[in-house]
Amino acid sequence: MSSAPDDWQRPPPGAAGYRRDAIAAAGLAGATFLSWLLFSSAMTAQSHAPWWGGAIFSVLVAGSLAFRRRWPEIVALVVAVTFVVGQYSGIWEQLFNNICLFIALYTVGAWGRNRTLATALRILISVGMLLWLAGVLIFQALNPDTTPDVSRDGPLSQFAAIGLIQIITNLLYFGGAYVFGNAAWASARQREALEQRTLELEREREVSSRQAVELERSRIARELHDVVAHHVSVMGLQAGAARRVLERGPAGAAVDPRAVQALSVIEENGREAVDELQRMLGALRERGDDPSTTASTRGIAQLDELVDEARASGLPVTFSTVGAERPVPTAIGLTVYRLAQESLTNVRKHAGPRATADVRLRFLADAVELEVSDTGVGAGAASPVEGGGGAHLGQIGMRERVAAAGGALELGPKPRGGYRVRARLPLSLAVKETA
């Protein structure tokens, strides 16, 4: 909808509105005819038009209002011309014809689609009526015989008082029709703008609700992947290591084949559980969320525990810290922990049985940097292919977490073999966001 007043058009009232106009116009036409009959009986000194003349007058001046909201300008001209012609045709009805003319002028202001034409037409009719009244008063003043019973003596004579009353009445009459018509048009415009704004707010609430659901689903998917998949992978690796130890036991040692079989089942079920979990989480994930939104309390302080857990699972890991340690925001600490957790999990899964890993945490002047590298012969932290299905959900989550923190992430093989994950997370931006 355009903001320019002349560009807006009031919507039509519809079939029900047009029916109401027709019913009201029919009632006014009947009332006008009955009123004309009463005026004819009351004003016996005047000559009157025949009954069919009164009927035609009633239909034109009142019945035309049935179309007032379809063609307001045309109806206003018809009513105004009929009003004037009726005064010279022996139709002395003075009640409902004034009501009909007021309604016609009001409708032009309230429903006129061309605002310039609506304003010009109302001014033309109002000025024309006032000039006609002034002409009649001047003619009567110059010809006293036309109103012999009206006194003209004194500075404020009876004739002057009647003339002033008529002029003031007509000014209020036409001014009221003009002002009320404009007010109705402005009110309708404001009402439509309010309705449009209400619809926009409802749509915004629906979008916000959907986004909130998507954000929560993505957060749940991320946490499930980071926590559950990590531990299930460790369980599967441990079961596999135990099975191989039993199979390669000392010569002559009695090994229960059922134990080896049970460990094989655990190992296989662990792999299937991780694959199934990744497929399920793929249906939950949506892009564009804020990965830093979480209630987890894990952070940089728990990196030692994470490294110890990796060592316990059979992965040789070294951990070192470079630079003066200092507190970091909770969201940044969680991001560092999840990146290290995902990287070590991928080393165990993809780097090969003889791979080692190195975790380094650097505190820089305005950032914290995490680097996880391995010496494996496989893909390490997995190939950095976007949208590669469930196998790459972890890497997608790493990219999202780093992007949400305003940082940069590097993923790729090292020149001399192995794989490296390096994330740089700015502290200044994070401090501002959490201040």
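How much accessible surface does the protein chain have, and what share of that surface belongs to carbon and sulfur atoms? The accessible surface comes to about 23,600 Å², and 62% of it belongs to carbon and sulfur atoms. Areas here follow the Shrake-Rupley method with a 1.4 Å probe, and for residues only the protein chains shown count as cover. This is a predicted model, in which local features need pLDDT of at least 70, side-chain atom pairs count only at pLDDT 80 or more, and totals for chains, interfaces and linings use all residues. Residues are numbered from 1 along each chain as its sequence is written, and side-chain values use heavy atoms, with hydrogens and water left out.

Start with the overall build. The protein chain holds 11 helices and 5 strands. These are DSSP runs numbered from the N terminus: helices are H or I with at least four residues, strands are E with at least two. Of the 435 residues, 39% are buried. Buried means under 20% relative accessible area, exposed means over 50%, and partly exposed lies in between (1.4 Å probe, protein chains only). Among contacts between residues at least 6 apart in sequence, 72% join residues at least 24 apart. A contact means heavy atoms within 4.5 Å.

Now the surface. A nonpolar patch is formed there by Trp51, Trp52, Ile56, Leu60, Phe67, Trp71, Ile74 and Val78, with about 860 Å² of accessible area together. Helix 2 (51-61) and helix 3 (72-87) are the elements that give two or more residues to the patch. Helix 2 gives the most, with 4 residues. Trp52 lies in helix 2. Patch residues have over 30% relative accessible area and no salt bridge; like charges are joined within 9 Å, and nonpolar side chains (Val, Leu, Ile, Met, Phe, Trp, Tyr) within 5 Å.

The largest nonpolar core has 33 residues, of which Leu303, Val317, Val336, Leu344 and Val368 touch the most other members. Elements that give two or more residues to this core include helix 8 (303-312), helix 9 (330-350), strand 3 (367-374) and strand 5 (419-426). Helix 9 gives the most, with 7 residues. Apart from this core lies another, of 28 residues, among them Val79, Leu105, Met129 and Ala177. A nonpolar core is a set of buried Ala, Val, Leu, Ile, Met, Phe, Trp, Tyr and Cys residues joined through side-chain atoms within 4.5 Å. Look again at Val368. Beyond its neighbours within four places in sequence, Val368 has contacts that include Ile332, Val336, Leu361, Phe363, Ala423 and Leu425.

Asn97 is worth a stop. Asn97 lies in helix 4 (residues 96-111) and is buried, with a relative accessible area of 0%. Not counting residues up to four places away in sequence, Asn97 touches Phe57, Val61, Phe83 and Gln87. Asn97 and Thr32 are 65 residues apart in sequence, yet 6.9 Å apart in space, C-alpha to C-alpha.

Turn to the rings. The structure holds 7 aromatic pairs. Rings of Phe, Tyr and Trp (its six-membered ring) pair if their centres lie within 6.5 Å; planes under 30 degrees apart count as stacked, over 60 as edge-to-face and the rest as tilted. Phe33 and Trp36 form a tilted pair because their planes stand at 35°, with centres 5.7 Å apart. Both sit in helix 1 (residues 15-42), 3 residues apart, so about one helical turn separates them. Phe33 is partly exposed at 23% relative accessibility, whereas Trp36 is buried at 4%. Tyr173 and Phe174 are edge-to-face, because their planes stand at 90°, with centres 5.0 Å apart. Elsewhere, ring pairs link Phe83, Tyr88 and Trp132 into a cluster.

Finish with charge. There are 13 salt bridges, each a side-chain nitrogen of Lys or Arg within 4 Å of a carboxyl oxygen of Asp or Glu. In the bridge between Arg360 and Asp358, the closest N and O atoms are 2.7 Å apart. Arg360 is partly exposed at 36%, while Asp358 is buried at 16%. Glu369 bridges to Arg424, the closest N and O atoms being 3.9 Å apart. This pair links distant parts of the chain: Glu369 is in strand 3 and Arg424 in strand 5, 55 residues apart. Glu369 is buried at 12% relative accessibility, and Arg424 is partly exposed at 37%. Both belong to a network of salt bridges that also links Arg362, Asp366, Glu371, Glu410, Arg420 and Arg422.
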